[in-house]
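Subject: Structure handover

Hello,

Here is the structure I promised to pass on. Please have a look, then read my notes below.

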Amino acid sequence: LGCESAGACGYRNNFLFAVAATIFFARVCVVLKLEKRYSDWNKASVALTTRACSLNTGWAWAGYCKAAIASAQGFEVFSPILMCVICMLFAWVCISFIHRRFEVERRAWDRHCK
């Protein structure tokens, strides 16, 4: 993306990075969950990797929200607190839709595999 850090990039680049991280880590988690793990060590490894993927995805979206708020504060149309609330609501709605879609697919997969 041509940026030294996430803070140096604009909100558009942070948004693209957050979307790419979400898709990439979702695919990684799907691949990890496909194989049946018998060993407790392997199960723990998959659980830790899944949590790490979700944490990295959350950090990517937090970086986007920070960049979007910083960009929007230049307009001075809304107060900084209102901008934080708007960005939080946007992220919450997007993540809720994605999670809902994930749960629908997971239930279908569980019904198919039983």
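Start with Val-19. Val-19 is partly exposed, at a relative accessible area of 27%; here buried means under 20%, exposed means over 50% and partly exposed lies in between, with a 1.4 Å probe and protein chains only. Val-19 sits in helix α1. Helices are DSSP runs of H or I with at least four residues, strands are E runs of at least two, and both are numbered from the N terminus. Val-19 and Tyr-64 are 45 residues apart in sequence, and their C-alpha atoms are 9.8 Å apart in space.

Some ground rules. This is a predicted model, where local features need pLDDT of at least 70, side-chain atom pairs count only at pLDDT 80 or more, and totals for chains, interfaces and linings use all residues. Residues are numbered from 1 along each chain as its sequence is written, and side-chain values use heavy atoms, with hydrogens and water left out.

Ala-20 is also placed in helix α1. Ala-20 is partly exposed, at 43%. From Ala-20 to Thr-57 is 37 residues in sequence and 9.2 Å in space, C-alpha to C-alpha.

Now the helix packing. α1 and α2 pack at about 170 degrees, and their axes are 8 Å apart. Axes are lines fitted to C-alpha atoms, for helices over the stretch in contact, and angles run from 0 to 180 degrees between N-to-C directions. α1 and α2 are therefore roughly antiparallel (over 145 degrees; under 35 is roughly parallel, 65 to 115 roughly perpendicular, the rest oblique). Their contact has 17 nonpolar, eight polar and one charged residues. Nonpolar covers Ala, Val, Leu, Ile, Met, Phe, Trp, Tyr, Cys and Pro; charged covers Asp, Glu, Lys and Arg; the others, Gly among them, are polar.

Next, the aromatics. The structure holds five aromatic pairs. Rings of Phe, Tyr and Trp (its six-membered ring) pair if their centres lie within 6.5 Å; planes under 30 degrees apart are stacked, over 60 edge-to-face, the rest tilted. Phe-24 and Phe-25 form an edge-to-face pair, 5.3 Å centre to centre with 65 degrees between the planes. Phe-24 counts as exposed at 51% relative accessibility, whereas Phe-25 counts as buried at 19%. Phe-15, Trp-61, Tyr-64 and Phe-90 form one aromatic cluster.

Best wishes
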